[in-house]
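Let's walk through this fold together, going from charged pairs to nonpolar cores and then to a pair of packed helices. Have the structure open as you read.

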Amino acid sequence: MKYTAKLTKQGKHWLAEFPDCPGCQTFGDSKAQATEMAKEALFAWLESNLEHGAVPPHPKYAKRGTTAAIVVDDPSLAFALQLRWMRSKHGLTQAQLAKRAGVSQQQIAKLESPSANPTLQTIKAIAQALGATFEPQLA
């Protein structure tokens, strides 16, 4: 999943901001530094939203010009985002999803945290409970 950072020159510095993520912005002394700082800011913003029970927005903004694509390449963060989005899409509480998947509500809450480390068996049970498929890809 890719979020787009809008980069603009602000005096001697570069501002990186995410139109999809209100309030998520940072500065850098160069365009490259602003892009690197943007990745850190985005991850922290997404993690904070997950930790506070919010449903972070799906990435949509893609405007040409001075932008940088920031890829969420952390598997734990990506899994937590996908799980939160799918649960929200289905209108389920953590308790309802837990009951469907045969796990505890606390386990669902933990899995929606970027620090989670779920087993493949748990991922498969949750995917089935959400009507999705889980097919691990081996490199």
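## Salt bridges, cores and a helix pair

Start with Asp73, which is partly exposed at a relative accessible area of 48%; here buried means under 20% relative accessible area, exposed over 50%, and partly exposed in between, using a 1.4 Å probe and protein chains only. Before going on, some housekeeping: this is a predicted model, where local features need pLDDT of at least 70 and side-chain atom pairs count only at pLDDT 80 or more, while totals for chains, interfaces and linings use all residues. Residues are numbered from 1 along each chain as its sequence is written, and side-chain values use heavy atoms, with hydrogens and water left out.

What does Asp73 pair up with? Its side chain meets that of Lys39 in a salt bridge, at 3.0 Å from N to O. The term stands for a side-chain nitrogen of Lys or Arg within 4 Å of a carboxyl oxygen of Asp or Glu. Asp73 sits in the loop between β4 (67-71) and α2 (75-89), and Lys39 belongs to helix α1 (residues 31-51), so the bridge ties together parts that are 34 residues apart in sequence. Helices (H or I, at least four residues) and strands (E, at least two) are DSSP runs, numbered from the N terminus. Lys39 is partly exposed too, with a relative accessible area of 26%.

A search of the whole structure turns up 3 salt bridges. Arg84 forms one with Glu112, and their closest N and O atoms are 2.6 Å apart. Arg84 lies in helix α2 while Glu112 is in the loop between α4 (105-111) and α5 (120-129), so this pair ties together parts 28 residues apart in sequence. Are these two buried or exposed? Arg84 is buried, with a relative accessible area of 3%, and Glu112 is buried as well, at 1%.

Glu112 also meets Arg87 through their side chains, in a salt bridge of 2.5 Å from N to O. Arg87 is in helix α2 and Glu112 in the loop between α4 and α5, so here the linked parts are 25 residues apart in sequence. Arg87 is buried, like Glu112. Put together, Arg84, Arg87 and Glu112 make up a network of salt bridges.

Now for the greasy parts. A nonpolar core is a set of buried Ala, Val, Leu, Ile, Met, Phe, Trp, Tyr and Cys residues joined through side-chain atoms within 4.5 Å. The largest one has 24 residues, and Tyr3, Phe18, Leu42, Leu46 and Val72 have the most contacts inside it. At least two residues each come from β1, β2 (13-17), α1, β4 and α2, with α1 giving the largest share, 8 residues. Not counting residues up to four places away in sequence, Leu46 touches Tyr3, Pro56, Val72, Leu77 and Leu81, where contact means heavy atoms within 4.5 Å. A second, separate core of 12 residues includes Ile108, Leu111, Ala116 and Ala129.

Finally, look at how helix α3 (residues 94-101) and α5 pack: the angle is about 110 degrees and the axes are 8 Å apart. Axes are lines fitted to C-alpha atoms, for helices over the stretch in contact, with angles from 0 to 180 degrees between N-to-C directions. In the contact, Leu97, Arg100 and Ala101 of α3 meet Ala125, Ile126 and Ala129 of α5.
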